[in-house]
Amino acid sequence: MQLTELNAISPIDGRYRNKTVSLAPYFSEEALIKYRVLIEVEYFIALCEANLPQLATVDKGLYGNLRNIYENFSTEDALWIKETEKTTNHDVKAVEYFIKTKFDALGLQQYKEFIHFGLTSQDINNTAIPLSTKDAFEKVYLPSLIGLVSKLKELSVEWKDIPMLARTHGQPASPTRLGKEIHVFVERLEEQMRLLFNVPFAAKFGGATGNYNAHVVAYPNNDWKAFGTNFVEDILGLHHSFPTTQIEHYDHFAAFFDALKRINTILIDLDRDIWTYVSMEYFKQKIKAGEIGSSAMPHKVNPIDFENSEGNLGIANAIFEHLSAKLPISRLQRDLTDSTVLRNIGVPMGHTLIAFEATLKGLNKLLLNEDKFAEDLEKNWAVVAEAIQTILRREGYPNPYEALKDLTRTNSVINKESIHAFIETLNVSDAIKAELKVITPSNYLGI
């Protein structure tokens, strides 16, 4: 069966393929193979620059040809490697054999044994996967998140002067502004982004058990620790973890996934708030010709974008949680449980991208219903009780909180007339009474 969007098992590669295809160059099997080839080629070039006598005759003019091996890497190349893997039963060894065939074509046969020299497969995997993840983060994830945050900023400015009844515990509370409430999410997201930027993409590079055993026994006078740090940090642009066991300890990866999870959690909070505002009729939604909201109820325009986002963020967070909890744990110097788990980084990334796009789509469909905001404020004059009792406290009025409690904590209707009638009963100056009567649910807004 030819894999299509209709028969793919995962919705990431099926229903939502058009929303996640941008991740394929970083998290697909072909991408992983390509990044492995990149690491092997760059490692060989770094060895050529390390003054090893056996590589002194390598023509530096061929570096460009060597880099073409990964820069022009094709699906056919990946298929060749996968076919070879059927025999080797080892994915990284198949990559080594592939590069050796390329060396033959370039007339570099005598140097073939310096491909993967002194390395273990995790020196390749634990550099290739952080590098591909870093690239996906910078080129796909961040632009999508920044676009979403930018939209929230735009709305926070557009709605900065819209007074809104706040609700704490679901009950009417001191009024606020709609733009400010949106800006709360902007600030939360940007703070998490600042924390996220401090998490390095770390790589392990040090031989079979992290000690450069093979390198040292072959060339005991070389500073292999300095070589490894230069290779990982200056050439690949990653952080060199040292010392390690056979694998990178993944503590930084865990911090990265936890940071992504926190961002998603904030967006779940946003999705639920906007969903609730829609149900309260604070927002209407733009209607698209031909769309159907319910198979049975023709009138419905459902907030499905926020629901879709919430569902995908939940799935993403469940997997991010497993990644961050599992990866830092490995029996003794290494077990293989990290291998299959690392192949799934693209899955929560995919669900996250789907969610970002859904939330953004939902925000773009919102239509402000200012009449409903004003109606709710007018129905809830009791919320000015806080303002009145605070001014009375300022004036030294006896037991102001209790007086307002007796007025407002009832099942009777509280409106402008009843509030103003209460104010008239107060033993305060006419100036204070005038000050109190200026306060309304629509202007008691604070900063």
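Guide: In this predicted model, contact means heavy atoms within 4.5 Å.

Visitor: Which residues in α4 meet α3?
Guide: On the α3 side, the residues are Lys34, Val37, Leu38, Val41, Glu42, Phe44, Ile45 and Cys48. By class, this contact of α3 with α4 has 10 nonpolar, no polar and three charged residues. The residues in α4 that meet those of α3 are Tyr63, Leu66, Arg67, Ile69 and Tyr70.

Visitor: How are α3 and α4 oriented to each other?
Guide: Helix α3 (residues 29-48) packs with helix α4 (residues 63-71) with the axes 8 Å apart, at an angle of about 165°. Angles over 145 degrees count as roughly antiparallel. The orientation of α3 and α4 is therefore roughly antiparallel.

Visitor: Is the crossing of α3 and α4 left-handed or right-handed?
Guide: The two helices pack at an angle of about 165°. The hand of the crossing of α3 and α4 is right-handed.

Visitor: How are α5 and α6 oriented to each other?
Guide: The axes of helix α5 (residues 75-88) and helix α6 (residues 91-105) come within 8 Å, crossing at roughly 125°. Angles over 145 degrees count as roughly antiparallel and those from 65 to 115 as roughly perpendicular. The crossing of α5 and α6 is right-handed, and the two helices are therefore oblique.

How values were computed
Residues numbered from 1 in each chain as written. Predicted model: local features only at pLDDT ≥ 70, side-chain atom pairs only at ≥ 80, totals over all residues. Heavy atoms only, no water. Axes fitted to C-alpha atoms, helices over the stretch in contact; angles between N-to-C directions. Helix = DSSP H or I, 4+ residues; strand = E, 2+ residues; numbered from the N terminus. Parallel < 35°, antiparallel > 145°, perpendicular 65-115°, else oblique. Left-handed = near helix turned anticlockwise from the far one by under 90°. Nonpolar A, V, L, I, M, F, W, Y, C, P; charged D, E, K, R; others polar.
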